[in-house]
Amino acid sequence: MARNKRLVSIYTIENMLSYPSFVGYSRKLMTLTMILKNGKMLLGMKNRGMGKGKWNGFGGKVEPNETIDDGAKREVKEECGLDVISMEKIGIIEFEYVGSKEILEGHIYSCYLFSGDIIESDEMAPIKWFKIEDSPCNQMWIDHKFWFPMILKNIPFKAHFKYLNDDTMLDSTIILTNSKEKLKEPWVNVIIKKDNQIILLKNFEESNYFNKHEKVKSGESVEDAAIRYLKSHYKIHDAVKVQKIAVVDIEFIDKQFIQEINVFVLDVSKINKYLQNEDFRLLDINIIQANKLWLDNKFFSTLLMMKPFKAYFLMDEDNILCSKYDNN
């Protein structure tokens, strides 16, 4: 029961992610089927047309008077010779190219049950099985690594990727179908800063310190939780003034709640007694960014501006699949 009290309002993904609309754009329906078996995936090298020279799953344009599902099955048969016995649509991806008024609407399927023999074609060759952990990501579309974890975990999603050209992606937005059903769980983190430096306790490991969030207790305000954080981690019992700078929503694709990290800052630039404490040490912002001590490098540079902002991270374990900042 206590845990449920800590969970606050139902999470609305639109609060952080603004999904683009495409008024006046035409659409081309496409399919892409990822064939998977025993921890491996089947990929083909595209030899002509869009994506030439890249490894990819199997798919293409949906023909007139053809259902999307039938188009997906036909493309698999034409490109690698296999017959799809069963498949499941996991996602829809909208691809936008700068300067084009056409959206490529890709319907993404996973297929674990199929029959027949692999047959290479003029369009796709060679065709090979790859261990999933050894997939040739550097020779695939850039966006693949951001949505493929949802395929593996069977999590429905919708995504938008904006490209300058086939090798340069400018923006990405990924929304999980079940995000609106998730609840937010409030946590706090307090960062002590002096000018453009962060103060750490000497016995804290840099590699994991900035992920040491603390859960807000039932009936406790986030401000009180921040003061408790300072007392427990820094042994600071004085009446100090902390300022809430950021609210960071962290959504893991396979969890049913959103971690809402309320990030407070204690600025001790003019309080010498904290700087003289032998238990403290200063860490320069450049070191923080080089060592990747937060989810991404942008976080601390934004934080040190001391202007309130919001951020959102969609995560698969330690990998960022989508990140957004709102400084308004």
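The conversation below sets values from the model beside the cut-offs that give them their names.

Trainee: What kind of model is this, and what pLDDT do local features need here?

Mentor: This is a predicted model, and local features need a pLDDT of at least 70.

Trainee: What makes Arg48 and Glu123 a salt bridge?

Mentor: The side chains of Arg48 and Glu123 meet at 3.9 Å, N to O, and the term asks for a side-chain nitrogen of Lys or Arg within 4 Å of a carboxyl oxygen of Asp or Glu, so the pair qualifies. The two residues belong to distant parts of the chain, 75 residues apart, with Arg48 in the loop between β2 and β3 and Glu123 in the loop between β5 and β6.

Trainee: Why are Arg48 and Glu123 called partly exposed?

Mentor: Partly exposed covers what lies between buried, under 20% relative accessible area, and exposed, over 50%. Arg48 has a relative accessible area of 45%, so it is partly exposed, and Glu123, at 23%, therefore counts as partly exposed too.

Trainee: How do you know that Glu214 and Arg228 form a salt bridge, and where in the chain do they lie?

Mentor: Their side chains meet at 2.4 Å, N to O, and the limit is 4 Å, so the pair is a salt bridge. Glu214 lies in strand β11 and Arg228 in helix α5, and this pair links distant parts of the chain, 14 residues apart.

Trainee: Why are Arg74 and Glu78 said to be about one helical turn apart?

Mentor: They are four residues apart in helix α2, so about one helical turn separates them. In general, an α-helix has 3.6 residues a turn, so residues three or four places apart point the same way. Arg74 and Glu78 form a salt bridge, their closest N and O atoms being 3.2 Å apart, and a network of salt bridges links Glu66, Arg74, Glu75 and Glu78.

Trainee: Why is strand β15 described as largely enclosed?

Mentor: Seven of its eight residues are buried, so the rest of the structure largely encloses β15. Strand β12 pairs with β15 in the parallel sense over seven bridges, and Ala246 has Phe309 of β15 as its bridge partner.

Trainee: What makes β15 and β16 a pair?

Mentor: DSSP must find at least two bridges between two strands, and here there are seven, in the antiparallel sense, so β15 and β16 pair. Met315 has Ile320 of β16 as its bridge partner. In the hairpin of these strands, which has two residues between them, Glu317 takes a positive phi near 55 degrees.

Trainee: Why is helix α3 also called largely enclosed?

Mentor: Seven of the 10 residues of α3 are buried, so the rest of the structure largely encloses the helix. Among the buried residues are His144, Phe146, Trp147 and Ile151, and just after α3, Asn154 takes a positive phi of about 55 degrees.

Trainee: Why does Ser110 count as buried, and what is it in contact with?

Mentor: Ser110, which lies in strand β5, has 5% relative accessibility, under the 20% cut-off, so it counts as buried. Leaving aside neighbours within four places in sequence, its contacts include Met34, Met87 and Ile151.

Key:
Residues are numbered from 1 along each chain as its sequence is written. This is a predicted model: local features need pLDDT of at least 70, side-chain atom pairs count only at pLDDT 80 or more; totals for chains, interfaces and linings use all residues. Side-chain values use heavy atoms; hydrogens and water are left out. Buried means under 20% relative accessible area, exposed over 50%, partly exposed in between (1.4 Å probe, protein chains only). Contact means heavy atoms within 4.5 Å.
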